[in-house]
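Dear colleague,

Please find below the sequence and structure that I am handing over to you. My findings follow directly after them.

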Amino acid sequence: MRLAADLWVKAYLRRLQIEHIPAYIAAKGDPTSGAVIVKLATLDGKAVAKQRSYDLMTGERSWMILAEGPEAEVDAVLARQKDRDRDLWIVEVESREGRDLLDHVGLT
């Protein structure tokens, strides 16, 4: 059973807040079944966008890089993704250290 997208996003934002990592919802998608992309801006003009992936062989979920490089280019990729999927959630995280917590238990 999957957690609804809006609940996952709220929990993720709370975990980031606890760690004093600024984040906000850049695009709000479907509350129940929308996909989530996390954009990590390192505040030096660069960014990385990650999307959740499902490994059919192992049944495990993991975060895969969708786009990486200059922030403007990553934003262009995200705009195209949003045009294709109106149910898409985009969460933007700002961390000079590159911390997005996606490797922590419960967020994979």
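In this predicted model, Trp8 is in contact with Leu3, Val36, Val38, Arg52, Trp63, Leu102, Gly106 and Leu107, leaving aside its neighbours within four places in sequence.

Two aromatic pairs were counted. In one of them, Trp8 and Tyr12 are stacked, at 4.9 Å centre to centre and with 25 degrees between the planes. Trp8 and Tyr12 are separated by about one helical turn because they are four residues apart in helix H1. Trp8 and Tyr12 are both buried. Trp8 and Trp63 form a tilted aromatic pair, with 5.6 Å from centre to centre and 35 degrees between the planes. This pair links distant parts of the chain, since Trp8 lies in helix H1 and Trp63 in strand E4 (residues 61-70), 55 residues apart. Trp63 is buried, as is Trp8. Together, Trp8, Tyr12 and Trp63 make up one aromatic cluster.

Six of the six residues of E2 are buried, so the strand is largely enclosed by the rest of the structure. In a regular strand, side chains alternate between the two faces of the sheet. Along E2, Val36, Val38 and Leu40 point one way, while Ile37, Lys39 and Ala41 point the other way. All of these residues are buried, Lys39 included.

Which strands pair with E2, and in which sense? E2 pairs with E5 in the parallel sense, over six bridges. Within that pairing, Ile90 in E5 is the bridge partner of Ile37. With strand E3 (residues 46-54), E2 pairs in the antiparallel sense over five bridges. There, Val48 in E3 stands opposite Leu40. E2 and E3 form a hairpin with four residues between them. In the turn, Leu43 has a positive phi of about 65 degrees.

With kind regards

How values were computed: Residues numbered from 1 in each chain as written. Predicted model: local features only at pLDDT ≥ 70, side-chain atom pairs only at ≥ 80, totals over all residues. Heavy atoms only, no water. Contact = heavy atoms within 4.5 Å. Phe/Tyr/Trp six-rings, centres within 6.5 Å; stacked < 30°, edge-to-face > 60°. Helix = DSSP H or I, 4+ residues; strand = E, 2+ residues; numbered from the N terminus. Buried < 20%, exposed > 50% of the residue type's maximum accessible area, 1.4 Å probe, protein only. Pairing = 2+ DSSP bridges.
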